[in-house]
Amino acid sequence: MATPFDALIIGTGQAGPALAARLAGAGMKVAVIEKAKFGGTCVNDGCTPTKTLIASAYAAHLAYRAADYGVELPGAPRVDMKRVKARKDAVVASSTGNVEKWMRGLKNATVLRGHARFTGKNTVKVGGEELAAEKIFIDVGGRPLVPKMPGLDSVPYLTNVSIMDVDFVPEHLLVAGGSYVGLEFAQMYRRFGARVTVIEMGPRLIAREDEDVSQAVKEILEAEGIEVRLDAQCLSAQKEAGGVAVGLGCKEGAPRARGSHLLLAVGRAPNTDDLGLEAAGIKTDKRGYIEVDEELRTTNPNVWALGDCNGKGAFTHTAYNDYEIVADNLLSNAGRKWSDRIPCYALYTDPPLGRVGMSEAEIRQKKLTALVGKRPMSRVARAVEKGETQGFLKIHVEASSKRILGAALLGTSGDEAVHSLIDAVYAKTPYTDFQRRVRIHPNVSELLPTVLEDLKPL
Ligand SMILES: Cc1cc2nc3c(=O)[nH]c(=O)nc-3n(C[C@H](O)[C@H](O)[C@H](O)COP(=O)(O)OP(=O)(O)OC[C@H]3O[C@@H](n4cnc5c(N)ncnc54)[C@H](O)[C@@H]3O)c2cc1C
């Protein structure tokens with residue numbers, strides 16, 4: 001006999017816990033199932049630990065630059081990786097512990113530990129126990145993608161999960177993957193003192209971004225001594241004395257990169273292959289992402305998929321927004337849709353990149369007539385005062401409607417300053433109205449209206 005519940009929630013990543021709390025609060029009898037660490041990727045192997053490590057890397061970088069600010073240190077700064085890791089572990093332990101305490105303390109909720117698998121349209125098995133519910137919510141997230149690279153099975157490699165145990169500075173870190181995850185690790189380990197080589201298959205870094213953004217990020221990383229190898233189309237791996245060699249097949253430069261350690265950062269795969277989805281009539285696409293409708297309902301009308309596993313977002317804020325959509329629709333009949341979401345995210349290199357809306361490529365693809373305003377950070381007072389003038393501010397507007405279409409803020413505080421533009425894009429504010437609002441001096445945000453003063457055709 002299956003144990004009956006009103007709702008089952010599989011996974012405690014960024015959507016599951018909030019949904020469990022909201023449904024239990026509404027009087028539903030809820031079961032929450034987690035097979036590994038409470039809080040999922042973001043809390044344990046993603047956002048929280050990387051941003052904590054990046055803060056240590058920034059401190060090291062600033063210490064090296066102390067003399068630029070007129071500050072004398074008694075000697076060269078030294079990074080103690082054991083303490084860097086201990087600081088990261090403490091922040092993560094507090095976050096994951098808080099999620100577990102929250103879940104276990106919920107009235108009307110039962111927490112089960114184990115791997116959940118569907119056994120039927122409304123039943124799930126966890127260990128030896130079968131559970132049944134009218135409504136089931138999948139929030140199983142993803143894991144690092146391990147590519148089919150010749151030789152990879154014979155070399156040791158790190159992923160964003162296993163690198164969390166590293167408490168030393170690798171002599172030379174090879175980072176396979178020149179996108180968001182890879183670049184954050186590349187810069188932080190360079191700042192900890194490692195030699196770093198980034199290996200990217202494509203012709204440029206962060207290929208989703210505009211070319212000027214990719215180029216500027218590459219120059220920023222190279223200025224810190226990071227080697228960037230592009231067009232590495234024939235990747236292979238081989239064990240060598242003292243480390244690993246990666247065959248690049250690049251058009252230019254040495255055909256191999258040699259290093260002491262290899263980090264794979266080449267993408268993510270959804271955790272949907274071992275969920276028994278067929279038993280519940282739930283379809284996935286070719287890459288394993290669960291098919292959902294506008295309200296995040298799967299091909300089984302009693303099951304919803306939220307977060308990274310539905311392929312509609314790859315961020316903590318998109319997973320959390322999925323929770324809000326599902327809960328509001330179920331409890332308040334709100335008619336919310338995931339497709340109303342405007343893309344926004346940040347790359348947490350230093351300086352960071354804050355992004356909202358359409359890139360140049362998307363504007364061209366949609367055949368919109370657009371104008372662009374751009375200003376280097378060297379002409380932003382706050383950046384000059386902080387001694388952090390790398391990057392630029394760029395905003396796109398539609399010529400006819402004057403609506404802000406998108407922005408890329410690559411510069412100090414770009415990840416924060418982008419939020420006023422996110423609000424403007426949601427509100428469809430004409431840029432001429434946006435320009436009239438007073439902002440605080442001296443701030444990066446203060447210069448956004450100025451960027452819009454000098455618009456040129458895209
Ligand atoms: C290195 C890195 C840095 C990142 N930095 C950022 C950032 O700065 N900002 C940002 O917005 N996003 C960031 N992300 C992305 C972010 O971590 C994810 O988008 C977010 O965690 C997705 O949440 P989720 O709820 O979909 O899944 P997850 O957080 O992956 O959680 C899924 C949970 O489900 C559990 N689970 C899986 N299968 C089962 C099963 N069968 N039974 C029971 N439990 C199961 C897992 O154990 C896990 O706890 C980063 C990702 C990485 C890898």
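**Close-up views of a predicted model**

**View 1. Lysine 428 lies in the loop between α10 and α11.** In this predicted model, the phi of lysine 428 is near 55°, a positive value in a residue other than glycine. With 55% relative accessibility, lysine 428 counts as exposed, because the cut-off for exposed is over 50%. Most residues other than glycine have a negative phi.

**View 2. Serine 413 sits in the loop between β21 and α10 (414-427).** Serine 413 is not a glycine, yet its phi is positive, near 65°. Its relative accessible area is 28%, so serine 413 is partly exposed.

**View 3. Strand β18 (residues 353-357) is joined to β21 by five bridges.** The strands β18 and β21 run antiparallel. Valine 356 has alanine 407 as its bridge partner in β21. Valine 356 of β18 is also the bridge partner of cysteine 344.

**View 4. A hairpin links β17 to β18 through five residues.** Four bridges pair β17 with β18 in the antiparallel sense. In strand β17 (residues 344-347), Cys344 and Ala346 point one way, while Tyr345 and Leu347 point the other way. All four of these residues are buried. The loop between β17 and β18 holds proline 351, and the peptide bond from aspartate 350 to proline 351 is cis, with omega near 0°.

**View 5. A cis peptide bond joins histidine 441 and proline 442.** Omega of this bond is about -10°. Proline 442 is placed in the loop between α11 (431-434) and α12 (448-451). Most peptide bonds are trans.

**View 6. Helix α1 (residues 16-25) and helix α4 (residues 81-104) have axes that come within 10 Å.** The axes cross at roughly 25°, which makes α1 roughly parallel to α4, as the cut-off for this class is under 35 degrees. The crossing of α1 and α4 is left-handed. Pro17, Ala18, Ala20 and Ala21 in α1 meet Val99, Trp102 and Met103 in α4. By class, this contact has seven nonpolar residues, no polar residues and no charged residues.

How values were computed
Residues numbered from 1 in each chain as written. Predicted model: local features only at pLDDT ≥ 70, side-chain atom pairs only at ≥ 80, totals over all residues. Heavy atoms only, no water. Pairing = 2+ DSSP bridges. Helix = DSSP H or I, 4+ residues; strand = E, 2+ residues; numbered from the N terminus. Axes fitted to C-alpha atoms, helices over the stretch in contact; angles between N-to-C directions. Parallel < 35°, antiparallel > 145°, perpendicular 65-115°, else oblique. Left-handed = near helix turned anticlockwise from the far one by under 90°. Contact = heavy atoms within 4.5 Å. Nonpolar A, V, L, I, M, F, W, Y, C, P; charged D, E, K, R; others polar. Buried < 20%, exposed > 50% of the residue type's maximum accessible area, 1.4 Å probe, protein only.
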